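Please view the model alongside the text.

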Amino acid sequence: MKVNVSFARGLLFGAAALGMLAGSSLTASAEEVLNIYTTREPGLIKPVLDEFTKETGIRVNTIFIANGLEERIRAEGQNSPADVIITVDIGRLAAAKDYGVTQAVKSEALEKVIPAAYRDPEGHWFGIALRGRVVYASKERVKQDKITYEELADPKWKGKVCIRSGQHLYNISLIAAMIAHKGEAKAEEWLKGVKANLAKKPSGGDREQAKDILAGVCDIAVGNTYYVSLMLNGNDAEQKKWGEAINVILPTFEGGGTHVNVSGLALTKYAPNKANAVKFMEYMVSDASQQIHAEANSEYPVKAGIKIHPTIASFGELKADNIPIAEIAKLRKKASELVDKVGFDQ
């Protein structure tokens, strides 16, 4: 029998992690522990976790899982120690629900704070922060300060557009949003137009698109808002130059707003510390947590009235598109098929 080595390694790592978590919970009652599986680097959420522990006395264990989080929890089944999933992108949140590894949460605190457009209609996942999918524009070569997503396919940009892989989850969500607005046929035509305008084969991450703009490879690119803040405010001198070379334009759909995605969380199906998990989920929309998250990760708070990171605020007012992201998630498969159909990444 042929063995999938990566899957086997994942199970071995899972067994080791289960052992560590089980061992750690021997020193505290179930009411004092919370276990989180996350695709986010633990360092990015550590400030919030530390404050949660300080406020509640609940100790938080985290396991970082870059890929295959849903498969991991499903394989662990009822023995999974995971209480909460924290991840980015609507695709991953929807996948967790589709895999049957989440359960619905009915919480007045969550529903009062989080707009319906940023949470699952059945309560399986909740967006806790937003990021815009925007246009990076050369300060030197691009004078306009407004643009639509549709305009990315305008021939005037031929040979001037950079973007990461069309199959990357951030772009799949954007393409899915275009399908939601225009229908599949017009979205395909648009995607062909964007491909015709590419300066190079899609590659790299969002930061590399800014790097290519500085190098003169392209004039505009597509990227997430928070990367610009990370480049400008980080300790990497080279990346700071990339960030300084661009202006951020908040594009909109014709007749719509700026496409946003979410960082979010969900309660696992067999959460062994359910009460603590719900308490944590509700804490994540508190004023304190939302402010820490905005400052540490340069994302837009999902809660109204929270101060936005100064760099993000400098981009101008975000007028988010009004199509619920749960509806966009349903179109991700079609979006992925379109990327392949038009040979976008080739």
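Angles under 35 degrees count as roughly parallel, over 145 as roughly antiparallel, 65 to 115 as roughly perpendicular, and the rest as oblique. The model is predicted: local features need pLDDT of at least 70, side-chain atom pairs count only at pLDDT 80 or more, and totals for chains, interfaces and linings use all residues. Residues are numbered from 1 along each chain as its sequence is written, and side-chain values use heavy atoms, without hydrogens and water.

**Helix pair**

The axes of helix H2 (residues 42–56) and helix H12 (residues 287–297) cross at roughly 160° and come within 9 Å. H2 and H12 are therefore roughly antiparallel. Axes are lines fitted to C-alpha atoms, for helices over the stretch in contact, with angles from 0 to 180 degrees between N-to-C directions. Helices (H or I, at least four residues) and strands (E, at least two) are DSSP runs, numbered from the N terminus.

From H2, Leu44, Pro47, Val48 and Glu51 meet Ser289, Ile292, His293, Ala296 and Asn297 of H12. Contact means heavy atoms within 4.5 Å.

**Two residues**

Buried means under 20% relative accessible area, exposed over 50%, and partly exposed in between (1.4 Å probe, protein chains only).

| Residue | Relative accessible area | Class |
|---|---|---|
| Gln103 | 16% | buried |
| Gly204 | 46% | partly exposed |

Gln103 sits in strand E4 (residues 102–103). Beyond four places in sequence, Gln103 touches several residues, including His124, Leu267 and Tyr270.

Gly204 lies in the loop between helix H7 (184–196) and helix H8 (206–214). Gly204 and Arg164 are 40 residues apart in sequence, yet 5.5 Å apart in space, C-alpha to C-alpha.
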